[in-house]
Amino acid sequence: MARHFASVSVRALRSALLVRAAPLSIAALIGAGAQAQGLETLVVTGEASEGDALPGAASLAMDRQQPGMSIDSGELLQGLPGVQADSRSNYAQDTRVTLRGFGARSAFGVRGIDLQLDGIPLSTPDGQGQLSSVPVDEVDRVQVLRGPLAALYGNGAGGVIQFDSAAPEQNRLSGRVLAGEGDRQRQAVTGEWREGAWGARVHGSRFTSDGERPHAEAERRQAGAQLYYQADSGIETVVRLDTSHDPLLQDPLGLSPERWREDPRAGNERAELFNTRKRIRHQQGSVTMRQAEGEHRWQAAIWQGQREVDQWLPFAGDDVTSSGAVIDLTRDFSGLRASYTRNLSLLDRPLEATLGASVERQEDRRRGYVNDQGETGALRRDELGEVDSRDLYGVLTWQPTDRWEITGGARHSDLSFAVDDYFVVPADGDNPGNPDDSGGRDDDFVALALGTTVRLNTQWEAFAGAGRGYETATLTEMAYRNEGSGLNTALSPAENRQIEAGLRWGLASPHRVTVSLFRIDSDDELVVDQSEGGRTTYRNAAETERWGLEAFGELALAPGWWARFSASYLDAEYASGPEAGNQLPGIADTNLYTQLRWEPLQDDRLGTALVARYRGEVATGDDNAVFAPSAVTWDWSVDSAHQWGDWLASCWLKLENLTDEQYVGAVIVNQGNGRSFEPAPGRQVSAGLNLEYRW
């Protein structure tokens, strides 16, 4: 019974398409590799499964990551194809994530990528997302969907990243601790309970650090609970409650390239002058229900949450037309999604049809104040922004032969944006005043995708797909226009067209290798237009072209030895406008990852792993005037586990950046003051202990 929550059927997974409403595997989007009778149950657990073979999808169990205790959710994304997760070593800013170039323009947070936790969205209807609230201790598997079919997830879905947890399988209580350089400390406690059809989990953690640079102290706290129930009728219910509180996240800011070369551990005087920092409080609850078996299958989810952010920026923001330099944001978000799936037939061959709908709402209460050298000053911004999203979609999957499967889908999205500006100051003499920036805009779009998979033999399959998606400007990007007042309603959604083809090998072996070739063309790409006096405006002035090649695999080399690798090449450049021919900022053209693991005793008692990473040079701005240099880094770890009756003890030691490479962890895109380099730490040592009792 316990594994009912950790396993899902291919047909249930297909019905999850676009709903993002149940803890289901993205990987089964197009059901590749299924036989004619392939609507049977496909188990998705911590082991590699057939579901990983699906085109455009890659999944990774956490036991395949380098041993250790994760601090940031970006660590869980290492080595996944197409994903560039750049740690800022700055806990006041989220890990910078791009996926095949989507999200490249983001100076903070995540844009252009749909984020999910057990199928519940972490992204808001306008396309904004953050990873800092992901409970890293309970994540069992990370799944990434790239390529044309990702467009069917709606606004801003250039790709999809889903963090999945597994339901409890037995009673256990565990405690984990980490200690490392920079006075990094982390403690976590998890309790799980299992009794028949019921299961539950509670967890809590605390992380503190003094940081690697001046003014980089951080503290993060997380807690959560999940309740699982499976009725005799087969209906599964999952209730989630998650909360996080970051009372202090100091922001050391970036460095100029010259200052970084002189001293990568240097501080930034403006960080001290304006006491740059952030406070975050996040809470979210959700209920998911589904009937995953039978001729009539359905699923539904409802969620609601709130995110409060207070942030002090490194300038005064005292101009009356400025939006201020102290951000006070309260974001309320909610949503409801449901889908229904039915088995049919076409020409006496299996046909599966899914219909679904979703309604989402986002409400941003935003105020801005003068930063009076670290103290909150006079009001400079006061507005209420609202985004409503209403979507309808349909998906058909047909198997014309035992080896061939075709999936097609369409999604209609209707979005409305509205801002009410309450900070209006009339012009008076030399005082230009502050105009009324209220306004609204409606957008609607139809996303389309078609994919096919052909099983060539027991080991090989080929796949191909094409799709069209879109990405609207966020509320933040619509805030101002260059001339006049009001919301920048001239910003149109960026449209992208994707094609992809690839091969997968290892369908019936412990090995798996996937190679894919893709091309992405975008129109009306959103780029920064002007940034003056605290106001940043955007424009639709660029077309971009991207093509790339990716490889991803796991290989069992010999008894006790296995390797995991990923390689991504991405040629991403502007195709028109003043930046034509320039590389997109924030993206490396080459990302390589290799992990080699050895377990000499061929059990869990001892293991060691070596990880090598290469990232090519990265442009910091659209003008390509400055590049962060390429870098090669090495990590090494050793871990051991021992069991005595009901007790399990494990420990680990990790050396990160073995060669003490001086490199840039992340860049701040289009930074007007030139301080665009965020240094990565030098050589670091950390160790941890996990003690667990099971009964």
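A residue is termed buried when its relative accessible area is under 20%, exposed when that value is over 50%, and partly exposed in between. In this predicted model, Asp382 has a relative accessible area of 13% and is therefore buried. Its salt-bridge partner is Arg367, with N and O 3.8 Å apart. Asp382 belongs to strand E21 and Arg367 to strand E20, so the contact ties together parts separated by 15 residues in sequence. Arg367, at 28% relative accessibility, counts as partly exposed.

A further salt bridge joins the side chains of Glu386 and Arg361, at an N to O distance of 2.4 Å. Glu386 lies in strand E21 (residues 375-398) and Arg361 in strand E20 (residues 349-372), so this pair ties together parts that are 25 residues apart in sequence. Arg361 is partly exposed, its relative accessible area being 29%.

Side chains of opposite charge can pair when their charged atoms come close. The structure holds 45 salt bridges, one of which links Arg100 to Glu500, with the closest N and O atoms 2.9 Å apart. Arg100 sits in the loop between strands E5 (96-99) and E6 (110-111), while Glu500 is part of strand E25 (residues 494-505), so the bridge ties together parts 400 residues apart in sequence. Arg100 is buried, at 3% relative accessible area, and Glu500 is buried as well, at 8%. Elsewhere, a network of salt bridges links Arg172, Glu192, Arg201, Glu692 and Arg694.

Finally, Thr321 is found in the loop between strand E18 (296-312) and strand E19 (326-346). With a relative accessibility of 22%, Thr321 counts as partly exposed. Thr321 and Val424 are 103 residues apart in sequence, and their C-alpha atoms are 9.6 Å apart in space.

Definitions and conventions. Residues are numbered from 1 along each chain as its sequence is written. This is a predicted model: local features need pLDDT of at least 70, side-chain atom pairs count only at pLDDT 80 or more; totals for chains, interfaces and linings use all residues. Side-chain values use heavy atoms; hydrogens and water are left out. Helices (H or I, at least four residues) and strands (E, at least two) are DSSP runs, numbered from the N terminus. Buried means under 20% relative accessible area, exposed over 50%, partly exposed in between (1.4 Å probe, protein chains only). A salt bridge is a side-chain nitrogen of Lys or Arg within 4 Å of a carboxyl oxygen of Asp or Glu.
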